[in-house]
Amino acid sequence: MSAQLAAYATSTGEAFQFWVLGTVAVIGALCTVFMKKAVHSALCLAGTMIVLAVFYLANGAYFLGIVQIVVYTGAIMMLFLFVVMLVGVTAADSLKETIKGQRWLALLCGLGFGVLLIAGIGNASLTEFNGLTEANANGNVEGLAALIFTKYVFAFEITGALLITAAVGAMVLTHRERTERPKTQRELAEQRVREGKHVPPLPAPGVYARHNAVDVQGLLPDGTPSELTVSSTLRERGQIRDVSAEALSDLKALEQRAEERLERAAVEPPRLGPNPRRTEEASK
């Protein structure tokens, strides 16, 4: 078989790999769109990117495959995933449309991308290509650099300008200009006094509950739990351990033992030790 025919031929292993991983990539892409939680969508998108990296490596584009894993999947997607997990984006936030008409704009962009994809596939099917042997004759990195900085230099520059514009736009949209002077510590303390809030520092968690964990409420001197000893975030999440009954039972048992000791000390006569002088007189 000649090199030209080998470029168009597909082996059984390549076909099996394409259909299996292609199915996984399509399922991951659909899950990215239809998942209700943003964290699950990000994980599905990361899996789809890993499958794309495997496709790059299978086609001889080793540089693109490594960049896909290290840069996009390992850095950008994991950073996005951590930000989503820390910020806590819920399904209600994702369904809220803040910009009018963005769904129709997204639909038009999707249709345009579909047209470009169909045109690219049709162009690759109708025209002849050289194959991986000629493309990677001097190395994959050198061949990729030659294409980027010669044939596709304008597309590469336009893509870079688009990414920079998107980064600047994200910074402008997320930046909030302060419209008033920030209050000092003295002003905040005076405001708390006027409003009748808790002026001194909040008590530490579990001071009277014989426990030093942050999710355990402290007990006041009368035995009732204090809500000021735990964070409001833990209270909203339902992550506070209720040990008030156990702590109250321990306090009652301690008070009962103390009362028994006091009663016993009041009933029993005081015990006096032997007098050394009387002991000497009795011995004489």
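User: Where do E190 and R194 lie, and how many residues apart are they?

Analyst: In this predicted model, E190 and R194 both lie in helix α10. They are 4 residues apart, about one turn of the helix.

User: What makes E190 and R194 a salt bridge?

Analyst: The distance. Their side chains meet at 3.6 Å, N to O. The cut-off is a Lys or Arg nitrogen within 4 Å of an Asp or Glu carboxyl oxygen, so the pair qualifies.

User: What links R186, E190 and R194?

Analyst: A network of salt bridges. E190 pairs with R194, and R186 also meets E190, at 3.3 Å, N to O. R186 and E190 both lie in helix α10, residues 185-195. They too are 4 residues apart, about one turn of the helix.

User: Are R186 and R194 buried or exposed, and how do you know?

Analyst: Exposed means over 50% relative accessible area. R186 has 65%, so it is exposed. R194 has 66%, so R194 is exposed as well.

User: Why is E190 called partly exposed?

Analyst: Its relative accessible area is 31%. Buried means under 20% and exposed over 50%. E190 falls in between, so it is partly exposed.

User: How do you know that R181 and E187 form a salt bridge?

Analyst: Their side chains meet at 3.0 Å, N to O. The limit is 4 Å, so the pair counts. R181 is exposed, at 57%, while E187 is partly exposed, at 28%. The structure holds 3 salt bridges.

User: Why is Q68 called buried?

Analyst: Q68 has 9% relative accessibility. The cut-off for buried is under 20%, so Q68 counts as buried. Q68 lies in helix α4, residues 62-87.

User: Which residues is Q68 in contact with, leaving aside its neighbours within four places in sequence?

Analyst: M49, L52, A53, Y56 and T73. Across the protein, buried residues make up 13% of the 284 residues.

User: Which residues form the negative surface patch?

Analyst: E255, E259, E260 and E263 form it. Glu counts as negative.

Note on methods. Residues numbered from 1 in each chain as written. Predicted model: local features only at pLDDT ≥ 70, side-chain atom pairs only at ≥ 80, totals over all residues. Heavy atoms only, no water. Patch = residues over 30% accessible without salt bridge, like charges linked within 9 Å, V, L, I, M, F, W, Y side chains within 5 Å. Areas by Shrake-Rupley, 256 points an atom, 1.4 Å probe, with all protein chains shown as cover. Charge placed at Lys NZ, Arg CZ, Asp CG, Glu CD. Helix = DSSP H or I, 4+ residues; strand = E, 2+ residues; numbered from the N terminus. Buried < 20%, exposed > 50% of the residue type's maximum accessible area, 1.4 Å probe, protein only. Contact = heavy atoms within 4.5 Å.
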